[in-house]
Amino acid sequence: MAFLIILMAVGILFILSEILIVPGTAVSGVLGVIALGSSCIYAYIEFGPVAGTAVTVFSVLLAVLMTVSMIRAGLKKRLESDTHKSVFFEGHGIAPGDAGRALTLLSPHGMASIGGENVEVTSLEGGIEAGTDVAVVLIEDGKIYVKPAEEDF
């Protein structure tokens, strides 16, 4: 019985690590699914069909619960980030050659103060540290492209 509980706990931890710590790699998620599946098979073999079915139902319900909670958390985060979203360039009178200061790390996107307005900008090359003076190089398709002010273009 202890082995079954440990196998399920390891599966759950792997799946949670995939969701929270290393999303997108799929390695820990696959290992978690394998561990949970193995716990279902082990329960069927060692404890019979009633226990196997109970473990399988528990695993499926847990997977659904984790999926729904992660979707809700992601949706909540997305909604919260939209309420604090930066002002996109909409013809604020910003033109190539204008100077400003990076408010956040531009890697390559971030915020800068240009002409007294905080706008979202894109670095032309590499990252630009927060606090660095920047110059507007290009405005294209509603995006403002900047470079560090001290560099020649």
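**View A. Aspartate 133 is partly exposed, with a relative accessible area of 36%.** A residue is called buried under 20% relative accessible area, exposed over 50%, and partly exposed in between (1.4 Å probe, protein chains only). The model shown is predicted: local features need pLDDT of at least 70 and side-chain atom pairs count only at pLDDT 80 or more, whereas totals for chains, interfaces and linings use all residues. Residues are numbered from 1 along each chain as its sequence is written, and side-chain values use heavy atoms, with hydrogens and water left out. The side chain of aspartate 133 meets that of arginine 101 in a salt bridge, with 3.0 Å from N to O. Because arginine 101 belongs to strand E1 and aspartate 133 to strand E4 (residues 133-140), this pair ties together parts that are 32 residues apart in sequence. A salt bridge is defined as a side-chain nitrogen of Lys or Arg within 4 Å of a carboxyl oxygen of Asp or Glu. Arginine 101 also counts as partly exposed, at 40% relative accessibility. A search of the whole structure finds one salt bridge.

**View B. Strands E1 and E2 form a hairpin.** Strands (E, at least two residues) and helices (H or I, at least four) are DSSP runs, numbered from the N terminus. E1 (residues 99-102) and E2 (residues 109-114) run antiparallel and are joined by three bridges; two strands pair if DSSP finds at least two bridges between them. Six residues connect E1 to E2 in the hairpin. Arginine 101, the salt-bridge partner of aspartate 133, stands opposite serine 113 in E2.

**View C. Strand E2 also pairs with strand E3.** E3 covers residues 117-123, and its antiparallel pairing with E2 extends over six bridges. Histidine 109 has threonine 122 in E3 as its bridge partner. E2 and E3 form a hairpin with two residues between them. In this turn, glycine 115 has a positive phi of about 60 degrees.

**View D. Phe3, Tyr42 and Phe47 form one aromatic cluster.** Rings of Phe, Tyr and Trp (its six-membered ring) pair if their centres lie within 6.5 Å; planes under 30 degrees apart count as stacked, over 60 as edge-to-face, and the rest as tilted. Two aromatic pairs are found in a search of the whole structure. The ring centres of phenylalanine 3 and tyrosine 42 are 5.0 Å apart and the planes stand at 75 degrees, so this pair is edge-to-face. It links distant parts of the chain, since phenylalanine 3 lies in helix H1 (residues 2-20) and tyrosine 42 in helix H2 (residues 27-47), 39 residues apart. Tyrosine 42 and phenylalanine 47 have ring centres 6.2 Å apart and planes at 85 degrees, so this pair is edge-to-face. Phenylalanine 3 is partly exposed, with a relative accessible area of 46%. Tyrosine 42 counts as partly exposed at 23% relative accessibility, and phenylalanine 47 at 39%.

**View E. The protein chain has three helices and five strands.** From the N terminus on, its elements run α-α-α-β-β-β-β-β. Of the 153 residues in the protein chain, 30% are buried. Among contacts (heavy atoms within 4.5 Å) with a separation of 6 or more, 42% are between residues 24 or more positions apart. The protein chain exposes about 9,700 Å², of which carbon and sulfur atoms supply 66%. Accessible areas come from the Shrake-Rupley method with a 1.4 Å probe; for residues, only the protein chains shown count as cover.
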